[in-house]
Amino acid sequence: MNIIEINNLTFRYGNKFIYDNFSLNVERGTWVTIAGPNGVGKTTLVKILAGLEKNYSDVKIFGKKVNKKNIYGIRKEVGFVFDNPDNFFACETVEDELAFSLENLAVAPATIKKKIREISELLGINNLLKVNPYELSGGEKQKVALGCALMLEPRILILDEALMMVDINQRKELLKIIKDYNTQKRVTVVSFTHDLDEALYSDRLVILNEGKIIIDGAFPKVFDEERVMRKIGLEVPFAVELSQKLRVYNLVNKIDLDIERLVDEVWK
Amino acid sequence: MKSNYPFFRYIPKDSKVHMMNSKMKIIWFLLSFFISLVTFDYLSFLIFSLFLIFIILKTKIDFKIYASNVLILWPLYCTLFTIIYLISFNLLLSLLIALKFMLIIILFIILTFTTSLSEIAWGFESFFSPLKKVGIPVSNISLRMALIIKFISNLFDQAREIRKSMAYRGVPYKKNIITSFQKMIIPVIRLSYKLSLRTIAAMKLRFYGHCKKRTNYRENKVTSFDKTLIFIDAILLYVVIWMGWL
């Protein structure tokens with residue numbers, strides 16, 4: 001069942017077409033990574049899904065059209081995490097930040113308290129609850145922003161270059177948390193990124209260029225199109241690069257994303 | 001003396017002032033604000049200043065932080081003093097009004113240093129809740145006021161960043177303050193416009209103004225400290241008015 005349906009989306013800034021007859025469906029419970037070079041329209045698509053851009057095309061979430069009438073109902077079940085959490089914060093402590101959306105939705109204080117405890121434990125930010133979010137490190141800020149999105153118990157999680165400011169260890173930790181959420185709670189994840197290493201956690205990779213889908217597929221098969229990815233300026237993950245080089249020497253016969261297994265193959 | 005804490009930014013501490021009930025704190029703030037307005041003699045001024053120093057000590061926030069934040073506005077105090085002096089030619093009156101303005105600033109700083117954005121919004125909302133009966137959207141207005149206060153502190157941050165980055169690019173700030181200020185105006189206006197657009201988008205996504213009613217998940221209980229503070233304020237108000245009549 002498709003939880004997000006985009007049919008023939010046309011969108012432009014002035015005379016410049018960002019999307020022209022663009023279509024994409026996302027199935028419930030999957031993790032889809034939408035990648036592409038800078039300026040390809042990834043953030044525009046996030047804004048369209050969030051109902052922050054006027055568009056007159058057919059974009060549906062949960063079978064409902066994204067329009068003025070439905071948007072608040074849709075947003076209640078979609079969590080957004082953006083590239084720069086500073087733009088998103090509105091309060092002076094992490095605790096207030098986590099509570100903010102639910103307070104606006106008039107949720108009972110006892111429920112909010114319980115949710116704050118749960119989410120802060122899950123993300124390991126219990127010790128930061130009294131800290132000003134602006135004083136946190138990049139990784140901690142992203143954890144708080146993710147926490148704010150998870151407070152809503154979303155059915156869809158949309159990440160817009162959300163892990164860009166995070167160091168490699170914290171990125172892995174956050175990706176693992178999101179993966180658990182995706183598999184255990186069947187939360188659909190749509191992540192927008194230009195980092196294909198991040199995409200390895202997802203089930204499907206969609207690559208955009210000039211407002212069109214140029215590659216769409218599951219792992220690891222999708223990396224057969226590696227040359228196209230490089231051509232548009234995307235850097236493929238190290239495991240893919242290694243597999244391709246070993247393929248030239250007939251040491252492996254397909255792309256493998258597990259480096260340990262690749263080393264074993266070569267060792268044989 | 002420079003501070004890392006610009007105006008209107010909350011500083012988390014576990015002081016009695018921080019733990020005050022939001023509604024009681026707003027009542028205390030409004031009463032104190034009124035006292036500062038009706039103070040017209042030196043003795044009342046001294047008593048009220050001592051009371052504010054007592055509150056400042058109770059906040060457990062370093063006195064230097066208050067001092068740096070109050071003194072940052074010295075051009076405003078000087079301008080006010082000059083204007084009043086040019087109108088009245090009364091040195092003492094000009095000094096008193098400038099100092100009074102400084103007291104009001106101190107009062108605002110105490111409120112914002114010790115009260116988080118949502119507590120300020122909640123405090124105003126519960127204080128003005130009777131107005132809801134006549135159809136005034138008190139929840140929205142309160143949160144909007146609190147967001148404006150937050151926006152001012154962000155603006156200070158941005159201005160500081162612009163100043164630094166321009167200094168790196170060779171703008172001689174220390175040589176000519178007026179010229180450097182002119183150079184900062186356009187970037188600050190542009191940045192604050194951008195910031196306001198981002199804030200609007202973030203607020204929309206976070207359901208701001210969606211429900212007519214909001215909740216506050218951490219309402220502090222009214223303590224004897226809150227009641228004592230308001231009681232002292234009420235007595236001070238009486239004393240100040242009485243002394244003004246003498």
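In this predicted model, 26 residues of chain A are in contact with 22 residues of chain B. On the chain A side, the elements that give two or more residues to this contact are helix H2 (71–75), helix H3 (94–104) and helix H4 (109–123) of chain A. H3(A) gives the most, with six residues. By class, the chain A residues that touch chain B divide into 15 nonpolar, five polar and six charged.

**Chain B**

Chain B has nine helices and zero strands, so that its elements, read from the N terminus on, follow the pattern α-α-α-α-α-α-α-α-α. Its C-alpha atoms fill a box of roughly 55 × 55 × 35 Å along the principal axes. Of the 246 residues of chain B, 26% count as buried. Among contacts in chain B between residues at least 6 apart in sequence, 80% join residues at least 24 apart.

One helix pair in chain B is made of helix H1 (residues 22–38) and helix H5 (residues 91–114), whose axes are 10 Å apart and pack at an angle of about 170°. Angles over 145 degrees count as roughly antiparallel, and H1(B) and H5(B) are therefore roughly antiparallel to each other. From H1(B), the residues B:Phe29, B:Ser32, B:Phe33 and B:Ser36 meet B:Lys100, B:Leu103, B:Ile104, B:Leu107 and B:Leu111 of H5(B). The residues of this contact divide into six nonpolar, two polar and one charged.

**A helix pair in chain A**

Helix H9 (residues 238–248) and helix H10 (residues 259–267) of chain A have axes that come within 10 Å and cross at roughly 20°. That angle makes H9(A) roughly parallel to H10(A), and H9(A) passes H10(A) in a left-handed crossing. The residues that meet are A:Ala239, A:Leu242, A:Ser243 and A:Leu246 in H9(A), and A:Ile259, A:Leu262 and A:Val266 in H10(A). By class, this contact has six nonpolar, one polar and no charged residues.

| H1(B) and H5(B) | about 170° | 10 Å apart | six nonpolar, two polar, one charged |

**Strands of chain A**

Chain A holds an open sheet of four strands in the order S2-S1-S4-S5, with antiparallel pairing. Strand S2 (16–27) and strand S5 (64–65) of chain A are the edge strands, and each pairs on one side only. Within the sheet, strand S1 (residues 2–13) and strand S4 (residues 58–61) of chain A pair in the antiparallel sense over four bridges. A:Asn7 stands opposite A:Asp58 in S4(A). Helix H1 (residues 42–49) of chain A lies across S1, S2 and S4 of chain A, and runs at about 65° to S4(A).

Another strand pairing in chain A is parallel: four bridges join S6(A) to S7(A). In this pairing, A:Gly79 stands opposite A:Leu157 in S7(A). In a regular strand the side chains alternate between the two faces of the sheet. Strand S6 (residues 78–81) of chain A is covered on both faces, with A:Val78 and A:Phe80 buried on one side and A:Gly79 and A:Val81 buried on the other.

**Positive phi in two loops of chain A**

Most residues other than glycine have a negative phi. A:Glu153, although not a glycine, has a positive phi of about 50°. A:Glu153 is placed in the loop between helix H5 (138–150) and strand S7 (156–160) of chain A. This residue counts as partly exposed because it has 14 C-beta neighbours inside 10 Å.

A:Arg186 is not a glycine either, and has a positive phi of about 55°. A:Arg186 is found in the loop between helix H6 (168–184) and strand S8 (188–193) of chain A. With 11 other C-beta atoms within 10 Å, A:Arg186 is exposed, because a residue with 12 or fewer such atoms counts as exposed.

Key. Residues numbered from 1 in each chain as written. Chains lettered and ligands numbered in written order. Predicted model: local features only at pLDDT ≥ 70, side-chain atom pairs only at ≥ 80, totals over all residues. Pairing = 2+ DSSP bridges. Contact = placed C-beta atoms within 7 Å. Axes fitted to C-alpha atoms, helices over the stretch in contact; angles between N-to-C directions. Nonpolar A, V, L, I, M, F, W, Y, C, P; charged D, E, K, R; others polar. Parallel < 35°, antiparallel > 145°, perpendicular 65-115°, else oblique. Left-handed = near helix turned anticlockwise from the far one by under 90°. Buried ≥ 20, exposed ≤ 12 C-beta atoms within 10 Å, placed from the backbone.
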